[in-house]
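Please keep the 3D view open as you go through the points.

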Amino acid sequence: MNLLKNHNLTYNNYYNDTEYVSNSMLNHISISPEYFRFRQDNPQPATAAMKLGSAIHMNILQPGEFLKHYAISPKFDKRTKKGKEDFAEFTKKNMFKNVISESDYELITEISLRVFRDKMTKTLLQQGEPEKIIAWENEHYNVNCKGMLDYYRDGMIIDLKTTQDASY
């Protein structure tokens, strides 16, 4: 595997890029070429769980970026003129951000705090690189591949997962 140093992948274009092959693309083509093409042409919207997981992910791995990408929505009483006006102003002000509820923000904050209460996790998530994008050439198939590592530190790849149930 030869790592490609001069790739054009960034956090902003990673998911829309089709020049490099990702694990998701391989999963789609393993079903059929037709399914792969359909998924390329018709990206699926993120589920509520996926959106929450992404917010948790960013708050833990890139806390300084969180409020640049997310807006916490207060409750608006849209039955009143004032509530409708406040909601319209909030929506306009945050049109390019992901909007989350106050209760989801409390959950995200609590999960993040619990993650960093663990000494080993806290140590692992320091002095590294979050959301590190790598690209490499698969010489066997003559195809360029890509991956985004949650966190890279001292030759270690740290993968952060969210789940509803962590029981055995």
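Predicted model: local features only at pLDDT ≥ 70, side-chain atom pairs only at ≥ 80, totals over all residues.

- Asp154 is not a glycine, yet its phi is positive, at about 50°.
- Is Asp154 buried or exposed? With a relative accessible area of 63%, Asp154 is exposed, since the cut-off for that class is over 50%.
- Glu131 is another residue other than glycine with a positive phi, in this case near 50°.

**How helices H3 and H6 meet**

- Two packed helices are described by the distance between their axes and by the angle between those axes.
- For helix H3 (residues 48-61) and helix H6 (residues 102-117), the axes come within 9 Å and cross at roughly 45°.
- That angle makes H3 oblique to H6.
- The crossing in which H3 passes H6 is right-handed.
- On the H3 side, the contact is made by Leu52, Ala55, Ile56, Asn59 and Ile60.
- H6 contributes Asp104, Leu107, Ile108, Thr109, Ile111, Ser112, Val115 and Phe116 to the contact.
- What classes of residue make up this contact? Sorted by class, the contact of H3 with H6 has 9 nonpolar, 3 polar and 1 charged residues.

**The fold as a whole**

- How many helices and strands are there in the protein? The protein has 7 helices and 6 strands.
- Read from the N terminus on, the elements run β-α-α-α-α-β-α-β-α-α-β-β-β.
- The radius of gyration is 19 Å, well over the 15 Å that the globule rule gives for 168 residues, so the protein is more spread out than a compact globule.
- Along the principal axes, the C-alpha trace spans about 65 × 45 × 35 Å.

**Burial and contacts**

- Of the 168 residues in the protein, 27% are buried.
- Among contacts with a separation of 6 or more, 56% are between residues 24 or more positions apart.

Conventions
Residues numbered from 1 in each chain as written. Heavy atoms only, no water. Axes fitted to C-alpha atoms, helices over the stretch in contact; angles between N-to-C directions. Helix = DSSP H or I, 4+ residues; strand = E, 2+ residues; numbered from the N terminus. Parallel < 35°, antiparallel > 145°, perpendicular 65-115°, else oblique. Left-handed = near helix turned anticlockwise from the far one by under 90°. Contact = heavy atoms within 4.5 Å. Nonpolar A, V, L, I, M, F, W, Y, C, P; charged D, E, K, R; others polar. Rg over C-alpha atoms; globule rule 2.2 N^0.38 Å. Buried < 20%, exposed > 50% of the residue type's maximum accessible area, 1.4 Å probe, protein only.
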